[in-house]
Amino acid sequence: PMWIMSENMLTFLNSYKMKMAVILGLCQMTFGLFVSLGNYRYFGKTLDIWFTFVPQLIFLWCIIGYMCFLIFYKWFFIDSGKEQPSILIAMIDMFLSFGEDIEEDDLIYEGQKYVQMVLVVVALCMVPIMFAAKPLIEQYNKNKD
(Lines give C-alpha, C1' and ligand atoms only; values in the text may rest on other atoms or scores of the structure.)
Protein backbone atom coordinates (compact mmCIF):
# COMPACT_ATOMS: atom_id res chain seq x y z
CA PRO A 1 0.00 0.00 0.00
CA MET A 2 1.01 3.57 -0.61
CA TRP A 3 0.81 4.62 3.07
CA ILE A 4 3.97 2.56 3.75
CA MET A 5 5.99 5.25 2.00
CA SER A 6 4.37 8.16 3.86
CA GLU A 7 6.05 10.17 6.60
CA ASN A 8 3.43 9.31 9.19
CA MET A 9 3.70 5.52 8.73
CA LEU A 10 5.18 5.01 12.21
CA THR A 11 2.48 7.15 13.82
CA PHE A 12 -0.21 5.26 11.94
CA LEU A 13 1.20 1.84 12.86
CA ASN A 14 1.66 2.72 16.53
CA SER A 15 -1.87 4.08 16.75
CA TYR A 16 -3.26 1.02 15.00
CA LYS A 17 -1.33 -1.36 17.28
CA MET A 18 -2.51 0.42 20.42
CA LYS A 19 -6.13 0.28 19.29
CA MET A 20 -5.84 -3.39 18.42
CA ALA A 21 -4.28 -4.05 21.83
CA VAL A 22 -7.27 -2.42 23.55
CA ILE A 23 -9.73 -4.47 21.48
CA LEU A 24 -7.87 -7.73 22.09
CA GLY A 25 -7.48 -6.87 25.77
CA LEU A 26 -11.24 -6.40 26.07
CA CYS A 27 -11.80 -9.78 24.43
CA GLN A 28 -9.28 -11.45 26.74
CA MET A 29 -10.73 -9.87 29.90
CA THR A 30 -14.27 -10.78 28.84
CA PHE A 31 -13.15 -14.36 28.19
CA GLY A 32 -11.54 -14.46 31.65
CA LEU A 33 -14.77 -13.27 33.24
CA PHE A 34 -16.75 -15.98 31.48
CA VAL A 35 -14.24 -18.60 32.64
CA SER A 36 -14.82 -17.38 36.20
CA LEU A 37 -18.57 -17.64 35.57
CA GLY A 38 -18.06 -21.29 34.66
CA ASN A 39 -16.20 -21.82 37.93
CA TYR A 40 -18.90 -20.04 39.95
CA ARG A 41 -21.60 -22.17 38.34
CA TYR A 42 -19.66 -25.40 38.78
CA PHE A 43 -19.08 -24.75 42.49
CA GLY A 44 -22.61 -23.38 43.00
CA LYS A 45 -21.49 -19.90 44.07
CA THR A 46 -24.59 -17.90 43.18
CA LEU A 47 -23.48 -14.98 45.34
CA ASP A 48 -20.27 -14.66 43.30
CA ILE A 49 -22.22 -14.68 40.05
CA TRP A 50 -24.50 -11.81 41.04
CA PHE A 51 -22.09 -9.70 43.09
CA THR A 52 -18.74 -10.34 41.39
CA PHE A 53 -19.20 -11.55 37.81
CA VAL A 54 -22.15 -9.35 36.77
CA PRO A 55 -20.79 -6.06 38.20
CA GLN A 56 -17.31 -6.74 36.78
CA LEU A 57 -18.75 -7.45 33.33
CA ILE A 58 -20.92 -4.33 33.40
CA PHE A 59 -18.03 -2.16 34.62
CA LEU A 60 -15.65 -3.56 32.00
CA TRP A 61 -18.06 -3.00 29.12
CA CYS A 62 -19.16 0.46 30.31
CA ILE A 63 -15.57 1.71 30.25
CA ILE A 64 -13.35 -0.42 28.00
CA GLY A 65 -16.22 -1.65 25.83
CA TYR A 66 -17.23 1.96 25.21
CA MET A 67 -13.66 2.82 24.25
CA CYS A 68 -13.71 -0.05 21.73
CA PHE A 69 -17.02 1.26 20.41
CA LEU A 70 -15.37 4.66 19.87
CA ILE A 71 -12.46 3.01 18.06
CA PHE A 72 -14.76 1.18 15.66
CA TYR A 73 -16.96 4.23 15.23
CA LYS A 74 -13.98 6.34 14.22
CA TRP A 75 -12.72 3.67 11.83
CA PHE A 76 -16.04 3.30 10.03
CA PHE A 77 -17.92 6.59 10.34
CA ILE A 78 -15.48 9.50 10.75
CA ASP A 79 -14.16 11.06 7.55
CA SER A 80 -10.40 10.57 7.50
CA GLY A 81 -9.94 13.73 5.43
CA LYS A 82 -10.86 16.05 8.29
CA GLU A 83 -9.39 16.63 11.75
CA GLN A 84 -10.41 13.64 13.87
CA PRO A 85 -11.51 13.89 17.49
CA SER A 86 -9.32 12.12 20.02
CA ILE A 87 -10.59 8.99 21.76
CA LEU A 88 -8.14 9.64 24.60
CA ILE A 89 -9.59 13.11 25.18
CA ALA A 90 -13.13 11.70 25.00
CA MET A 91 -12.33 9.07 27.64
CA ILE A 92 -10.60 11.54 29.97
CA ASP A 93 -13.37 14.12 29.60
CA MET A 94 -15.95 11.41 30.21
CA PHE A 95 -14.86 11.43 33.86
CA LEU A 96 -13.24 14.82 34.44
CA SER A 97 -15.83 16.92 32.60
CA PHE A 98 -18.87 14.89 33.62
CA GLY A 99 -22.10 16.50 32.40
CA GLU A 100 -20.42 19.39 30.63
CA ASP A 101 -21.03 20.11 26.96
CA ILE A 102 -18.52 18.58 24.56
CA GLU A 103 -16.75 21.00 22.24
CA GLU A 104 -17.60 20.63 18.57
CA ASP A 105 -14.02 19.59 17.69
CA ASP A 106 -14.08 16.81 20.30
CA LEU A 107 -17.57 15.51 19.49
CA ILE A 108 -17.45 12.05 17.94
CA TYR A 109 -21.21 11.46 17.52
CA GLU A 110 -24.51 13.12 18.43
CA GLY A 111 -25.74 12.34 21.92
CA GLN A 112 -22.24 11.45 23.11
CA LYS A 113 -22.58 13.53 26.28
CA TYR A 114 -25.67 11.66 27.48
CA VAL A 115 -24.34 8.21 26.59
CA GLN A 116 -21.14 8.92 28.49
CA MET A 117 -23.03 10.23 31.51
CA VAL A 118 -25.13 7.05 31.71
CA LEU A 119 -22.08 4.81 31.28
CA VAL A 120 -20.12 6.60 34.02
CA VAL A 121 -23.04 6.46 36.46
CA VAL A 122 -23.65 2.75 35.75
CA ALA A 123 -19.93 1.93 36.05
CA LEU A 124 -19.58 3.85 39.31
CA CYS A 125 -22.65 2.11 40.73
CA MET A 126 -20.92 -1.22 40.12
CA VAL A 127 -17.92 -0.34 42.32
CA PRO A 128 -19.65 -0.59 45.73
CA ILE A 129 -21.51 -3.68 44.54
CA MET A 130 -18.22 -5.37 43.61
CA PHE A 131 -16.44 -4.45 46.81
CA ALA A 132 -19.11 -4.33 49.50
CA ALA A 133 -22.19 -6.38 48.61
CA LYS A 134 -20.74 -9.89 48.89
CA PRO A 135 -18.88 -9.32 52.21
CA LEU A 136 -21.94 -7.60 53.73
CA ILE A 137 -24.26 -10.42 52.66
CA GLU A 138 -21.84 -13.05 53.97
CA GLN A 139 -21.50 -11.18 57.26
CA TYR A 140 -25.30 -10.91 57.53
CA ASN A 141 -25.70 -14.66 56.86
CA LYS A 142 -22.98 -15.47 59.41
CA ASN A 143 -24.63 -13.34 62.12
CA LYS A 144 -28.06 -14.78 61.27
CA ASP A 145 -26.82 -18.33 61.94
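Which residues does isoleucine 108 touch, not counting residues up to four places away in sequence? In this predicted model, where local features need pLDDT of at least 70, side-chain atom pairs count only at pLDDT 80 or more and totals for chains, interfaces and linings use all residues, isoleucine 108 touches Leu70, Tyr73, Ile78, Pro85, Ser86 and Ala90, a contact being heavy atoms within 4.5 Å. Residues are numbered from 1 along each chain as its sequence is written, and side-chain values use heavy atoms, with hydrogens and water left out.

Ile108 also belongs to the largest nonpolar core, which has 26 residues and in which Phe53, Tyr66, Leu70, Ile87, Met91, Met94 and Ile108 touch the most other members. Such a core is a set of buried (under 20% relative accessible area, 1.4 Å probe, protein chains only) Ala, Val, Leu, Ile, Met, Phe, Trp, Tyr and Cys residues joined through side-chain atoms within 4.5 Å. Two or more residues come from each of H1 (9–42), H2 (46–77), H3 (87–96) and H4 (112–144), helices being DSSP runs of H or I with at least four residues, numbered from the N terminus. H2 gives the most, with 11 residues.

Leucine 47 also lies in helix H2, and is partly exposed, with a relative accessible area of 24%, the term covering values between 20% and 50%. Leaving aside neighbours within four places in sequence, leucine 47 is in contact with Thr52, Lys134, Ile137 and Glu138.

Finally, Ala90, Met94 and Phe95 in H3 meet Gln112, Gln116, Leu119 and Val120 in H4, a contact whose residues divide into five nonpolar, two polar and no charged.

Notes. Nonpolar A, V, L, I, M, F, W, Y, C, P; charged D, E, K, R; others polar.
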